[in-house]
Amino acid sequence: MALLKKSLNKNQAISLKIPAEASFISLVRLVVAAHLRENSVFEEELEDLKLVLSEFLAKAIEAHLTEIFSLEISFEKDLATILIQNLEEFKPDALFNSRYLNFEAIISLIDDFDLILGEKQRIEVKITKRFNFQ
Amino acid sequence: MEVNVYEGLPVVEAAGEIDHWRAPELEQKINEVIEKGNNKIIVDFSNLTYIDSGGISVLFLQLQKLKSLKGRLIVITGNKNIIKILSLVKITQQEGFSLCSDKEKVKQSL
């Protein structure tokens with residue numbers, strides 16, 4: 001068990017390719033949660049990360065994202081990083097038009113939400129959150 | 001999602017997760033209950049583990065409808081994360097909205 005835990009605590013990134021459909025967002029939540037629970041992170045902090053990630057993906061899909069996008073989840077020491085790529089012509093404005101759940105308010109639940117200009121001048125998103133352990 | 005009755009009021013019971021994908025189902029269930037002439041509705045989230053802006057939007061829209069009917073929306077949940085999100089969007093401060101930790105508390109608030 002100790003060996004297994006040590007192995008899981010290494011920086012092991014998981015990569016996913018997800019169809020840009022709302023029905024697949026729950027699968028993303030499931031994979032992220034399963035990966036981070038292996039590291040015994042605080043459940044409440046995990047829920048915060050799941051919410052921000054889901055909100056971002058839902059808004060990106062609503063804003064006419066149609067291709068398969070890719071997502072890489074890594075965890076090192078106490079820092080979870082999620083990199084989302086292949087976001088087509090995603091426009092960040094789409095994030096800030098909700099009447100009810102203000103995206104600016106919910107990103108306060110994580111440590112960083114970075115928009116990066118990646119390959120072919122496409123925007124990539126990096127979400128980072130530090131965790132406490134149970 | 002099921003609709004039951006508690007203390008004479010309709011109860012929409014939702015379990016699992018309510019996200020953008022499942023939110024229309026919640027909206028439809030509450031709409032059906034309102035269309036039957038009810039203006040006080042209980043939404044039971046006791047077995048709900050996750051809600052996002054899709055579900056929150058439905059709650060806000062249905063609360064507006066119920067307020068126009070001089071009614072009330074009562075949400076049951078003891079889940080800390082769901083309570084945190086409901087508080088974050090300040091729906092808990094809206095007139096006509098009540099948050100109860102369980103059914104017994106609903107009975108006391110009626």
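What follows is a short chat about a predicted model with chains A and B.

Reader: Before we dig in, what kind of model is it and how is it numbered?
Author: It's a predicted model, where local features need pLDDT of at least 70, side-chain atom pairs count only at pLDDT 80 or more, and totals for chains, interfaces and linings use all residues. Residues are numbered from 1 along each chain as its sequence is written, while chains are lettered from A and ligands numbered from 1 in the order in which they are written.

Reader: OK, chain A. How many helices and strands?
Author: Chain A has 4 helices and 5 strands, taken as DSSP runs numbered from the N terminus (helices are H or I, at least four residues; strands are E, at least two). From the N terminus on, the order is α-β-α-α-β-β-α-β-β.

Reader: And what's the strand order in the sheet of chain A?
Author: It's an open sheet of 5 strands, ordered 1-2-3-5-4, with antiparallel pairing; strands pair if DSSP finds at least two bridges between them. Strand 1 (14-19) and strand 4 stand at the edges with a single partner strand each, so one side of each has no neighbour in the sheet.

Reader: Strand 4 of chain A, how many of its residues are buried?
Author: Of its 6 residues (112-117), the number buried is 0, so strand 4 of chain A lies largely in the open. Buried means 20 or more other C-beta atoms within 10 Å of the residue's own, with C-beta atoms placed from the backbone; 12 or fewer is exposed, and in between is partly exposed. For chain A as a whole, 28% of the 134 residues count as buried.

Reader: What does strand 4 of chain A pair with?
Author: Strand 5 (residues 123-130) of chain A, in the antiparallel sense over 6 bridges. Leu117(A) has Ile123(A) as its bridge partner. The two strands form a hairpin with 5 residues between them, and Lys120(A) in the turn has a positive phi of about 55 degrees.

Reader: Switching to chain B. Which strands are at the edges of its sheet?
Author: Strand 1 (2-6) and strand 7 (97-100) of chain B. That sheet is open too, with 5 strands in the order 1-2-4-6-7 and mixed pairing. One parallel pair in chain B is strand 2 (residues 9-13) with strand 4 (residues 40-44), over 3 bridges, where Glu13(B) is partnered by Asp44(B).

Reader: How do helix 1 and helix 2 of chain B cross?
Author: The axes of helix 1 (residues 23-35) and helix 2 (residues 53-68) of chain B come within 9 Å and cross at roughly 15 degrees. Axes are lines fitted to C-alpha atoms, for helices over the stretch in contact, and angles run from 0 to 180 degrees between N-to-C directions. That makes helix 1 of chain B roughly parallel to helix 2 of chain B, the cut-offs being under 35 degrees for roughly parallel, over 145 for roughly antiparallel, 65 to 115 for roughly perpendicular and oblique for the rest.

Reader: Which residues of helix 1 of chain B make the contact?
Author: Ala23(B), Leu26(B), Glu27(B), Ile30(B) and Ile34(B). Residues are in contact if their C-beta atoms, placed from the backbone, lie within 7 Å. On helix 2 of chain B, the contact residues include Gly54(B), Val58(B) and Lys65(B).

Reader: Last one: how many residues of chain B touch chain A?
Author: 16 residues of chain B are in contact with 15 of chain A. Helix 2 of chain B gives the largest share of the chain B side, 5 residues.

How values were computed
Contact = placed C-beta atoms within 7 Å.
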